[in-house]
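Hi there,

Here is the structure I promised to pass on. Have a look at it first, and then read on for what turned up in it.

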Amino acid sequence: MTIHNLKSFIVSTFTFQINWNHFKSKLLLKYVLSYILIFLIPLTGVTIFVYDSAVSGLRTEIEQSNINQLNQVKMTIDSRIAELRELSGRIAYDRRLTPYMIGDDYYRVEAIQALANYKANSSIIEDIFLYYHNDPVIYSYRGLTNVNVTFDSFYRYENWNLEDIIVALNETNQMIIRPAENVTINSSRQEAMLTIIVPIKPNAPYPYGSVVYMVKESNLTGVMDSILSDFTGSSYIFNQNGEVLTASNHGVTLTQEHLGTLAALDAGIHNLSLNNDKYSVVSVKSGENGWNYMTIMPSYQFFSRVAHVQTLILLVFGIAVITGVLAAFVLARRQYHPIKDLMEFAKLRISDTPEPKTRNEWEWIRQTLHDYSTRIDMQEPFVRNQCMLLLLKHGKPDDPEIERMIAGVGLESPQERVIYFCVILSWEENDAAEEFQNDRQQVHEILSQVEPSGLQANIHGVEFSADNQYALIVSIPDPGQDSLKLRMEQIIRAVQGLISENTRLDPSMGVGTPYRDLGQLNQSFIEAATALEHRMVGSSRITYFDQLAEQNHPVAKGVWLPRKSLLKLEQSLKQGNKSVAVQMIAEMMETIRSEPLQIHLLRCICFDLLNALLRSASEVGMNEAFTNISDYTSFETLEEFEDKLLSLTTEVCERVERNHEQAAPKLIDDIVHYVNQQFADYTLSLEHVALKFSVSTSYLSRSFKEKTGISFSQYIWKKRTEEVIRLLVTTSAPLKEIIEQVGYLDAPNFIRKFKKETGLTPGQYRKQHRSNRLDI
C-alpha cells in the first residue's frame, strides 16, 4: 500500500467513524483527548524502554559474541604456538638430529627426513630450519644450505638484514617471534611471514642451536577469519611489547599511534574515539604468552546491524499510534453515546423549554432527573415496604440505599439507644371473610406508620406474603430492663385500642423478644411467628415469646435444650429463614458442648434437636428426609452431627421456598397481566417485577417462560414491537416519538433489531403497509 493510499484510507475511516457535528460537544472532545493521552503516554514510555533495551541488548550480545570468538581465536593460536615449543623440544631430544648425526654423510639423509616429518606435524609451518651455533651451514627438510644463501638469496627480509639474522641464530637463548613482514622468496615473489626462533635445548641456560619456523601470516589470519566468520571489522594480535604480530584488516586502517593506543588497552570491551571517529573495541589477553587479541569496528557499522531493529520498532510504534487514535475516537463515541441518548431524552421531555446556549449535556440530564423525581416519590411506599420486609426476613442488609431508606423512616436514632421488637397480627377465620376486607385494609392504613401518644414509640406496618397476617416493627427508646416489659405491654394495648376504635376486628398477636440491634429484628420476627403459632386456645389473644418457656414443665433434672429455642428453630425452618435457623443450631450446639454430659444423655439431647428438624421437614412435605434417617443418626463427633443438621436445614429451607413459589398458581397470570399493562415503562425489568410480587428472579424467569413459551425479555420485545407496528400503521407520529413511547431510549438499536426481525426498517414498514391499506 502506498503512502497516498494509506492517507486516503485513514481519511475515509475518520469520515466513516466520526461525524464532525459531534465535535460541537466539548464533552466528546474531552473524552477523545483523554483516551488519546491515556493511550499515548504509556505507549511512548514502553516504546522508549523497548527500543533502549533491544539496542543495548543487541550491542551487548554482539560484543559478548566477539569476546567468545576472540577467546576461541586465542585458545587456537596459543595451542599452535605451544605445538611449536613442543616440536622444538622433540627435535632437541631426537638422536637423529644431533650435531654428530646430522654432520655424518651417512646419517644425514635420515636426519633431513626427520625434519620433513616434523614439518608435516604442524599445519601452520611453511618452512623449518635447524641451525647449530657458529656453523656456516643450516639444515632444512630439503637438505643443507649455507646460512648466507638461505637468508640472502632464498629468503630475503624487508627489514631484517643477514648480519642481524646470524646474531639472532647464535645468541638467542629464549623463543622470539618476529612480527609479520614482507619476505622475498627465491627473488620471485613476496609473502608476509612471521619468523619464530626457538633455542635448543629449550629453557637451557646454554643452548647449542636454534630451530627456525617460517609461518605465513595468512595461516594465522586464516584461523582468525574462520573463527570470526560473521565479523565485519578488523582484528589484531599484539605481542607483549605492543607490536602487531599479525592483522586482518577489513576496511579499518589505523596509524602507528592508534595501534599504540589499542595495544595499551586492557582486556574487555571499549569505546574509543580515533580521529573523531567512534570505534567499538573488544580485547582479550593470553595468559600463556602475554599476547593481546583484539577486534575493532566503527560504531556506525555496529549500528547498521541494529538498524532493522530500530526500523521495526518505529514501524510498530507508528501502526500502534494510528490504531490507538482510531480506537480513541471509537471508544469516545461509545462513552459519549449513552450521555447523548440521555440528553436527547431530556430534550424530548422538556421540548417546550428553549435550548440553552452552553451545550452542557450534564445540565440536561440533571434537569431530567429533577423532572422525574416526582414519579420516583410515587413508588416510595412500595419500595419502603419491600425494605421493611427484607429487614424482617433477613436482618439488616448490607446495602447503602436500603440503609438510607431505613434511616429515613426513623427506625434508627443516632442520639439514643433504641429497642426493637416485632409483632404479628393474625385474623381469625371469621375476620378473614370478604365482608371484613375493608376493615383489614383500614388496619393496614392505620398501622402503616403510627406513634401512639405518650409512649415514645414508632410503629411501622409491613405487608408480607402470609395469608391473613400483618407485621409490625416497633422501636422505642431503651427504658431499662426493669420497665421494658411494662412498656411493651402498653404499646400492645395501644395497638389493640387503635384497631378496636376503627374496625370490628380483634386479631391475635404474637410478640417477639426485644433486641437492641436492628440487625437482629429478623430474630424477633421469627419469635413473634412462633408465639402466634403456639398461643393457647381460649387464653389471651396476645402471646409473648418469652411466655413459651413458662409452659415447659421440667420432667427430670439435667441439661435439656430450652423449649422456646426449639420452637424458634422450627418456626424459622417453616418460614425458610436459613440465617436464623443456622444461628439457632449454632447456639444450641454451643450449649451442648459447654456442659459435661454422659455419652448416653448427650446423644438423647442431640436426637431431641434432630427430632425438631425432622418434624419441620415433615410439616413442609419433605418426606424423603426419613428415607435417609440412618445417615443423620450415625455420627461420631458433635462437629459431624452439626454438619448434618446444617445440611438438612438447607434442604428444608429450599423446600419451603419451592412450596411458597407453588402455593399461588394464579401468581404468574397476575404477573403476565401486569406486564401487558406496563410493558411501555422503560424501567420495567425482571428484577422489578420479582420485587413487586415478592418472588425470586430465578423462579419468575422459569415460570414466565413455562407460561408464555418465551423468555421475559423476548416477551417484552414482542409486546413493544407489536405496539410500534400498530402505531406505525395507524398514526403519523414521528418514529422516534413512537419508539420512546413504547419504552425504548436507544432508537438506533431498536431500528437494527426491528430490521433484523422484519427485514424492513420502521420507515420502510410504515411506507409499505400504508400503501397496502390505500390499495385496499
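Seven strands make up an open sheet in the order β3-β2-β1-β7-β6-β5-β4, with antiparallel pairing. Strands here are DSSP runs of E with at least two residues, helices are runs of H or I with at least four, and both are numbered from the N terminus; two strands pair if DSSP finds at least two bridges between them. The edges belong to β3 (143–146) and β4 (155–157), each with a single partner strand, so one side of each has no neighbour in the sheet. On average, neighbouring strands of this sheet are turned by 35° against each other, direction ignored.

Before you go further, please note that this is a predicted model, in which local features need pLDDT of at least 70 and side-chain atom pairs count only at pLDDT 80 or more, while totals for chains, interfaces and linings use all residues. Residues are numbered from 1 along each chain as its sequence is written, and side-chain values use heavy atoms, with hydrogens and water left out.

Helix α7 (residues 217–227) lies across β5, β6 (189–200) and β7 (209–216), and runs at about 60° to β7. For such angles, axes are lines fitted to C-alpha atoms, for helices over the stretch in contact, and the values run from 0 to 180 degrees between N-to-C directions.

Seven bridges join β10 (residues 268–274) to β11 (residues 277–285) in antiparallel fashion, with Asn-271 opposite Ser-280. Two residues lie between these strands, and Asn-275 in this hairpin takes a positive phi near 55°. β11 is also joined to β12 (residues 292–298), again antiparallel, by seven bridges, and here Val-284 faces Tyr-293. The hairpin of β11 and β12 has six residues between its strands, and Gly-290 in the turn has a positive phi of about 75°.

Further along, helix α16 (residues 521–533) packs against two helices. With α18 (residues 578–594) the angle is about 90° and the axes are 10 Å apart, so α16 and α18 are roughly perpendicular (angles under 35 degrees count as roughly parallel, over 145 as roughly antiparallel, 65 to 115 as roughly perpendicular and the rest as oblique). Asn-522, Gln-523 and Ile-526 of α16 meet Ser-579, Val-580, Gln-583 and Met-584 of α18. With α17 (residues 563–574), α16 makes an angle of about 100°, the axes being 9 Å apart. Among the residues in that contact are Glu-527 and Glu-533 of α16 and Lys-568 and Lys-574 of α17.

Finally, look at Thr-649 in helix α21 (residues 638–662). Thr-649 is buried, with a relative accessible area of 0% (buried means under 20%, exposed over 50%, partly exposed in between, with a 1.4 Å probe and protein chains only). A polar atom of the Thr-649 side chain lies 2.8 Å from the backbone oxygen of Leu-645. Leaving aside neighbours within four places in sequence, Thr-649 contacts Leu-573, Ala-581, Ile-585 and Leu-613.

Best wishes

Definitions and conventions. Contact = heavy atoms within 4.5 Å. Polar contact = N/O pair within 3.5 Å; in protein donor to acceptor, adjacent residues only side chain to side chain.
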